[in-house]
Amino acid sequence: MRAVLILLVLSTAGAAAADEVEKKIAEAKRLARKYLIGMQRRDGSWDLMRNQPCYRVGGTALAIWALTAAGEPVESKSVRFGLRYLVERYRRQEKPDFGCVYNAACVLLGVLGYAQARSPHLMNMKDTLSERLRGTWCTLPEEYQRLVRKAARYLADSQRGGWYYKGGYREDTFVAQPWQQRAACRPLDMSNTEWALFALYLAARVGVPVPRKVFEDAAEWIMSVQERRGRRTARFPVPGVDLSVKRLRRMEKDALKKDGGGNALKALAERGPLGGEVRRRRMYARGWGYQGGGVFGGQRARSTGSMTAAAVSCL
């Protein structure tokens, strides 16, 4: 697992590095690819967490993602065998059990990462991002598209506001009651939630049907578990903090009409407090922990930088 994460980090290193550094990065990626390929099993899978075979599906998809991101040819034997393992495992199941949320999310990310590496000519900067992503998606074999749709449905049906390890299908395992009540008896966590949302967001961008309510419910749950009060901090201006969402949307619409592009939104944000700064109000730094910022098991969850970053990126 460590090799996969290091490989993904190296694959996103800055393009502005000096030639010598770039050579070292390229060599490091080559050695990491060689090491990762050497770990592949005969059936095409990767057992990255040897004592936890339940994550073999997710580890396989993550390895495919890392290899293609690091420059491994998409037609290489290793990549093809890995994808074949995933497709054949779930080919005959209409509603496959991916085992856990992490597995399904990694399957989505692995296949979509492969799709991008497979058709780099479609990532033409003259097109919009959505057009590029959809064009890339359409070139995928149908069996790969079907696998992604199955994983997306599993993730959407596994939602209880946020997500936790175990997933399932709504009509099979879900109780028909508000997600707030379901969440009270399930250890939802920000880590599973981040992976699920990241995967579903990318799936939606390429045209896979993902209900809008999935994202709305996730945002509601994330905000509901934010730390109630953290450390008091120095006051700073927050643009539009004292304006209603309705007024902000109207201002956004007017700005886009005048400018017609993203520059209008940037200018709007840089104007400072839009309706006058709220005065004499104390401000607190409020973050998120692994299981939100509330009380779990009689103990208050500790907010961390990593889980706060995950929550903010999800929102």
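## A pair on helix α7

Because E142 and R146 lie four residues apart in helix α7, about one helical turn separates them. Helices here are DSSP runs of H or I with at least four residues, numbered from the N terminus. In general, an α-helix has 3.6 residues a turn, so residues three or four places apart point the same way. The two side chains meet in a salt bridge at 4.0 Å, N to O; the term asks for a side-chain nitrogen of Lys or Arg within 4 Å of a carboxyl oxygen of Asp or Glu.

E142 also meets R149 in a salt bridge, this one at 2.6 Å, N to O. E142 counts as partly exposed because its relative accessibility is 39%, where buried means under 20% relative accessible area, exposed over 50% and partly exposed in between (1.4 Å probe, protein chains only). R146, at 33%, is partly exposed, and R149, at 32%, counts as partly exposed too.

## About the model

Please keep in mind that this is a predicted model, in which local features need pLDDT of at least 70 and side-chain atom pairs count only at pLDDT 80 or more, while totals for chains, interfaces and linings use all residues. Residues are numbered from 1 along each chain as its sequence is written, and side-chain values use heavy atoms, leaving out hydrogens and water.

## Other salt bridges

Searching the whole structure gives 14 salt bridges. One of them joins K166 to D97, with the closest N and O atoms 3.9 Å apart. This pair links distant parts of the chain, 69 residues apart: K166 sits in the loop between α7 and α8 (170–173), and D97 in the loop between α4 and α5. K166 is partly exposed at 41% relative accessibility, as is D97 at 45%. Elsewhere, a network of salt bridges links R84, E88, R91 and E143.

Helix α3 (residues 56–69) is mostly covered, with 13 of its 14 residues buried. Just after α3, G71 takes a positive phi of about 100°.

In α4, the buried residues include V79, L83, L86 and Y90. The buried residues of α4 pack against α2 (19–38), α3, α5 and α7, with contact meaning heavy atoms within 4.5 Å.

Terms used: Helices (H or I, at least four residues) and strands (E, at least two) are DSSP runs, numbered from the N terminus.
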